[in-house]
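Me: I would like to go through the labels used for this model one at a time, setting each value against its cut-off.

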Amino acid sequence: MNTTFSCVGCGKCCTGHHVPLTLDEARMWANDGGQVIVLVEAFLPNGLGLPAAQREHAERRSAVVRSGTSDARVAITFAAYNVGRCHNLDDENLCRIYERRPLVCRIYPMEINPHIPLDTAAKDCPPESWETGPQLILGGELVDQELARLIERSRQADREEIAIKERICMSLGIHTTALKGDGFTAYLPNMAAFAATIDQARSQPLDQAAGEWQFHLSGEDVANQVSASGARVVTEAPVTYAFISLRAA
Ligand code: SF4
Ligand code: SF4
């Protein structure tokens, strides 16, 4: 696969996308008056919720927690909550924090998940952006080595920060997850509390005990499977979070 690419500055990738953030970036986002959305998914040691091909990647970016009588591995994303235009996007579609914009903003349209190949049709970039410019991908390989380093930095942050993110979630009362592939739970924490909790979690050694999590599922069939694995399933309607279902209609 060969692909050329040149950003035409349309600003579409800065509109309606929740941008995954590193911990430093999430703290910066809070400092700048932005809102962070917390997205949570987990899978079970018996493989429930985990495509076999993704095991290594998924395990490295997840924390082992307790759920009922089972372990679970929880993956947590802190992302810039951009329902409309990003609050950093100005009227000319320029980024107001360009020099310190998040890693994922620098990486787009490339993917940070190694299991998701670049699909130009699924990206917001208009057709002309793929018709000119330098080679982005040549023979299936990413050409720009600086971009490759940014992607690796983003993946590394994902792996290194999962334990502290789990502690932060516990402190904020975030302890309901979705099953990977079945959906996400989504929280919009108070940003003053979020920022204070990050600062606190960084200044104190992490408590070694894993948190106790429960699962919110899309339907009774999946709930029964998760329950049968020993994990704790919540049946009440969500109050402090939203459940984003990935179940096919
Ligand atoms: S921070 Fe800048 S580059 Fe990133 S989404 Fe917002 S406006 Fe776009
Ligand atoms: S959607 Fe693509 S072309 Fe448009 S600003 Fe983003 S990266 Fe550039």
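Reply: Contact here means heavy atoms within 4.5 Å, and helices (H or I, at least four residues) and strands (E, at least two) are DSSP runs, numbered from the N terminus. The model is predicted, so local features need pLDDT of at least 70 and side-chain atom pairs count only at pLDDT 80 or more, while totals for chains, interfaces and linings use all residues. Residues are numbered from 1 along each chain as its sequence is written, and side-chain values use heavy atoms, with hydrogens and water left out.

Me: What covers the buried residues of α1?
Reply: The cover includes β2 (19-21), β3 (36-43), β5 (70-80), α3 (103-107), α4 (145-171) and α5 (191-203). Among the buried residues of α1 (residues 23-31) are Leu23, Met28 and Trp29.

Me: Why is the pair of Phe78 and Phe194 called edge-to-face?
Reply: Rings of Phe, Tyr and Trp (its six-membered ring) pair if their centres lie within 6.5 Å, and planes under 30 degrees apart count as stacked, over 60 as edge-to-face and the rest as tilted. By this rule there are three aromatic pairs. The centres of Phe78 and Phe194 are 5.1 Å apart and their planes stand at 75°, so this pair is edge-to-face. It links strand β5, which holds Phe78, with helix α5, which holds Phe194, 116 residues apart.

Me: What makes Phe78 count as buried?
Reply: Buried means under 20% relative accessible area, exposed over 50%, and partly exposed in between (1.4 Å probe, protein chains only). Phe78 has 1%, and is therefore buried; Phe194, at 0%, counts as buried too.

Technical notes
Chains lettered and ligands numbered in written order.
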